[in-house]
Amino acid sequence: MSAKWNLIVDVASCSNCGNCVLAVKDEYVGNDFPGYSAAQPQSGHKWLWVERVVRGSGTAVDVAHVPMACNHCDDAPCQKAAPDAVTKRDDGIVIFDPIKAVGRRDLVEVCPYGAVSWNSEKQLPQIWPFDAHLLDAGWSNPRGVQVCPTECLSAVKITDAEMALIAKEQELTVLKPGLDTKPRIYYRNLWRAQEHFIAGNVVGYDDSGREANLAGIEVFLFLDGVDRRTVRTDVFGDFKFDRLRAGQKFELGLGAPDELTNRNSGVVEQSVNLGQLKI
């Protein structure tokens with residue numbers, strides 16, 4: 001089984017510095033690479049970009065950054081739509097032929113990841129070609145990977161079996177798995193952008209009788225009536241339950257599991273800051 005290229009992205013490590021975005025632009029803006037890619041326009045194109053996802057509100061806010069690009073799918077909708085213009089290489093990389101793909105604006109809409117840009121001047125659909133021209137010249141990594149200061153991007157050329165094992169061991173996921181396009185970009189900690197949290201602050205009276213944030217208070221969360229989680233408030237009286245899925249029914253309260261006070265209940269729809277819970 002031949003080795004193929006994959007990109008592993010750690011969402012928790014991305015700081016949105018933009019180095020990878022700039023590296024791609026520096027490589028392709030104004031530069032033609034025959035057989036691989038026509039030059040990228042100076043503006044308007046997203047070949048590699050970072051999505052900013054904000055969860056929560058008020059004093060409980062979490063921000064995640066998700067690097068995005070062509071997923072170089074093994075079952076790529078673009079390749080199915082234009083097999084003469086879109087090539088799937090043996091090493092897993094998808095190439096939009098800069099000559100044969102001219103006029104194929106339909107490929108922009110075919111991509112379910114929004115990774116195909118339309119070059120109106122050249123009448124050409126374009127993607128990030130995984131820096132295939134550099135890899136073919138002996139480079140060990142795409143430029144965007146090389147310039148990442150937090151090492152949140154890593155490119156690996158291994159067999160599908162080896163990649164499947166890594167994905168299982170490291171709990172890697174892909175975007176829109178239900179589409180079954182078999183993407184070659186894998187994400188670690190993608191839950192930071194896709195799942196939800198419930199947070200709040202517990203306030204009461206301290207030993208001197210003054211109102212204060214209370215540390216060490218046990219908070220209970222019941223999910224779908226069966227999954228029980230507990231946390232204790234930190235030194236600021238704050239608590240947070242993370243990695244909740246949309247659609248889960250929840251009930252939250254303080255005290256003992258059988259005698260909850262300050263009850264809050266509902267269905268998880270988005271990340272929520274409950275604010276102050278007074279006891």
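Helices, of at least four residues, and strands, of at least two, are DSSP runs numbered from the N terminus. On that basis, the protein chain in this predicted model contains seven helices and 17 strands.

**Overall dimensions**
- The radius of gyration of the protein chain is 24 Å, whereas a compact globule of 279 residues would have a value near 19 Å.
- Along the principal axes, the C-alpha atoms of the chain occupy a box of roughly 75 × 35 × 35 Å.

**Packing and surface**
- Buried residues make up 46% of the 279 residues in the protein chain.
- Of the contacts between residues at least 6 apart in sequence, 58% connect residues at least 24 apart.
- The protein chain has an accessible surface of about 14000 Å², and carbon and sulfur atoms account for 48% of that surface.

**Charge**
- The protein chain carries 30 positive and 37 negative side chains.
- The centres of these two sets of side chains are 2 Å apart.

- Asn6 lies in strand E1, which spans residues 4-10.
- Asn6 is classed as buried because its relative accessibility is 0%, and the cut-off for buried is under 20%.
- A polar contact of 3.1 Å links the side chain of Asn6 to the side chain of Arg184.
- When neighbours within four places in sequence are set aside, the residues in contact with Asn6 are Phe130, Ser154, Ala155, Val156, Ile158, Met163, Arg184 and Tyr186.

Key: Residues are numbered from 1 along each chain as its sequence is written. This is a predicted model: local features need pLDDT of at least 70, side-chain atom pairs count only at pLDDT 80 or more; totals for chains, interfaces and linings use all residues. Side-chain values use heavy atoms; hydrogens and water are left out. Buried means under 20% relative accessible area, exposed over 50%, partly exposed in between (1.4 Å probe, protein chains only). A polar contact is a pair of N or O atoms within 3.5 Å; within protein, one must be able to donate a hydrogen and the other to accept it, and residues adjacent in sequence count only if both atoms are side-chain atoms. Contact means heavy atoms within 4.5 Å. The radius of gyration is taken over C-alpha atoms; the globule rule is 2.2 Å times the number of residues to the power 0.38. Accessible areas come from the Shrake-Rupley method with a 1.4 Å probe; for residues, only the protein chains shown count as cover. Lys and Arg count as positive and Asp and Glu as negative; His and the chain ends are not counted. The place of a charge is taken as NZ of Lys, CZ of Arg, CG of Asp or CD of Glu.
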